[in-house]
Amino acid sequence: MSDIVNTAVTMLNEKLAGADFGGTAKFDIAGEGSIVMDGSGARATDEAADVTLSADAETFQSILEGETDPTSAFMSGKLTVDGDMGMAMQLAAALA
């Protein structure tokens with residue numbers, strides 16, 4: 001597992017603490033690994049999820065640090081979404 005994934009798991013668990021997120025979402029970071037998030041938090045794994053968001057490491061890190069808006073990344077093609085778009089929007093709200 002990469003340092004990017006490990007750092008992201010820690011940051012996501014801090015952001016998700018107390019958030020109301022009722023499904024499963026996966027971030028697939030190209031060349032680095034995957035992170036699954038649900039109501040119990042984030043963990044490094046590649047299990048199935050309701051929605052999978054895929055991006056390169058630079059885009060993912062920029063979204064996580066609040067420098068890039070996930071919607072803008074999606075609209076520009078830097079972030080792809082496969083699965084439940086409503087769940088992706090719920091995740092974005094939980095991480096805001």
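How many bridges join S2 to strand S3, and in which sense do the two strands run? The legends below describe close-up views of a predicted model.

**View 1. Strand S2 and its partner S3 (residues 41-44).** S2 and S3 run antiparallel and are joined by four bridges. Five of the six residues of S2 are buried, so the strand is mostly covered, where buried stands for under 20% relative accessible area.

**View 2. The hairpin of S1 and S2.** S2 also pairs with S1, in the antiparallel sense and over five bridges. Ile 29 stands opposite Gly 33 of S2. Three residues separate the two strands of the hairpin, and Gly 31 in the turn has a positive phi of about 75°.

**View 3. Helix H2 (residues 57-64) and its cover.** H2 is mostly covered, with six of its eight residues buried. The buried residues are Ala 57, Thr 59, Phe 60, Ser 62, Ile 63 and Leu 64. Just after the helix, Gly 66 takes a positive phi of about 85°.

**View 4. The largest nonpolar core.** This core has 26 residues, and those with the most contacts inside it are Leu 12, Phe 27, Ile 35, Met 37, Leu 53, Phe 60 and Leu 91. At least two core residues come from each of H1, S1, S2, S4, H2 and helix H4 (85-95). In soluble globular proteins, nonpolar side chains tend to be buried together.

**View 5. The surroundings of Met 37.** Leaving out residues up to four places away in sequence, Met 37 touches Leu 12, Leu 16, Phe 21, Gly 23, Thr 24, Ala 25, Lys 26, Phe 27, Ala 42 and Leu 91. Leu 12, Phe 27 and Leu 91 are, like Met 37, among the residues with the most contacts inside the largest nonpolar core.

View 6. Phe 74, Met 75, Met 85 and Met 89 make a nonpolar surface patch of about 440 Å². H3 and H4 are the elements that give two or more residues to this patch. Met 75 has its place in helix H3. Met 75 counts as exposed because its relative accessibility is 67%, and the cut-off for exposed is over 50%.

Key
Residues are numbered from 1 along each chain as its sequence is written. This is a predicted model: local features need pLDDT of at least 70, side-chain atom pairs count only at pLDDT 80 or more; totals for chains, interfaces and linings use all residues. Side-chain values use heavy atoms; hydrogens and water are left out. Buried means under 20% relative accessible area, exposed over 50%, partly exposed in between (1.4 Å probe, protein chains only). A nonpolar core is a set of buried Ala, Val, Leu, Ile, Met, Phe, Trp, Tyr and Cys residues joined through side-chain atoms within 4.5 Å. Contact means heavy atoms within 4.5 Å. Patches are made of residues with over 30% relative accessible area and no salt bridge: like charges are joined within 9 Å, nonpolar side chains (Val, Leu, Ile, Met, Phe, Trp, Tyr) within 5 Å. Accessible areas come from the Shrake-Rupley method with a 1.4 Å probe; for residues, only the protein chains shown count as cover. A salt bridge is a side-chain nitrogen of Lys or Arg within 4 Å of a carboxyl oxygen of Asp or Glu. Two strands pair if DSSP finds at least two bridges between them.
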